[in-house]
Amino acid sequence: MINGTTGDTGDFAWRIPCPPAKFCIGEQPTLDVSLVTVCIMVATVAVKLTLFCICQKYKKDPSIKVLAMDHRNDCLSNSVALSCAWLDIQTERLHFRYWYYLDPIGAIFVSVYILYTWMSTGWDHLSKLSGRSAKPEFINRIIKVLQVCIDHDPRISHLDTVYVYHYGTKFLVEVHIVLDEDMPLKVAHDISEALQINIESLPEV
């Protein structure tokens, strides 16, 4: 869902600069910034800013983090649009020759920024879905948990290898331990199950 949203929003952001670019090279547009329009945009910014602040409290969740980014981009786009429209009107009153360039240029900058943020987010989630290895800091954290368990169980000879991969929004952990070759299968299963329970107690796994 995250990557689908990212792709749709990125595609939308890619299309945004086209109309403003036509305005820059074509005839002068006529801006209609009525009081109703201003009130709607201000209300949108206020609501989106409130939602962004709420999402920031739960930003550890990847889905909430994406929603926070969407609300932030909406605040930015509406604020820039409102500011550029206001500047357009002020410069028009002063008979500034190129006043009509402000609004489309603002739209182009906002769309490029949104395109960049969503492409970065999409690439990050795509690499995680493809099984990217975890950061060394998190792998060391897993090893410390395993080492504590191994130190308290003399039946485990030593820790052989540990692999930690991204598995969607969480991690997949593979652990190889060395046991006595004459150990019964049931005992080996109980030992490995105890290790599994300890590893899965971590919220990221």
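Modeller: Buried means under 20% relative accessible area, exposed over 50%, and partly exposed in between (1.4 Å probe, protein chains only). This is a predicted model: local features need pLDDT of at least 70, side-chain atom pairs pLDDT 80 or more, while totals for chains, interfaces and linings use all residues. Residues count from 1 along each chain as its sequence is written, and side-chain values use heavy atoms, without hydrogens or water.

Biologist: Why is Tyr165 called partly exposed?

Modeller: Its relative accessibility is 29%. That value lies between 20% and 50%, so Tyr165 counts as partly exposed.

Biologist: Why does Tyr163 count as partly exposed?

Modeller: Tyr163 has 36% relative accessibility, so the label is partly exposed here too.

Biologist: What makes Tyr58 exposed?

Modeller: Its relative accessible area is 54%. The cut-off is over 50%, so Tyr58 is exposed. Tyr58 sits in the loop between helix H3 (35-56) and helix H4 (62-93); helices are DSSP runs of H or I, at least four residues, strands runs of E, at least two, numbered from the N terminus.

Biologist: How many aromatic pairs does a search of the whole structure find?

Modeller: Two. Rings of Phe, Tyr and Trp (its six-membered ring) pair if their centres lie within 6.5 Å; planes under 30 degrees apart are stacked, over 60 edge-to-face, the rest tilted.

Biologist: Why is the pair of Phe138 and Phe171 called stacked?

Modeller: The centres are 4.3 Å apart and the planes at 25 degrees, so the pair is stacked. Phe138 in helix H6 (residues 136-151) and Phe171 in strand S2 (residues 170-179) are 33 residues apart. Both Phe138 and Phe171 are buried.
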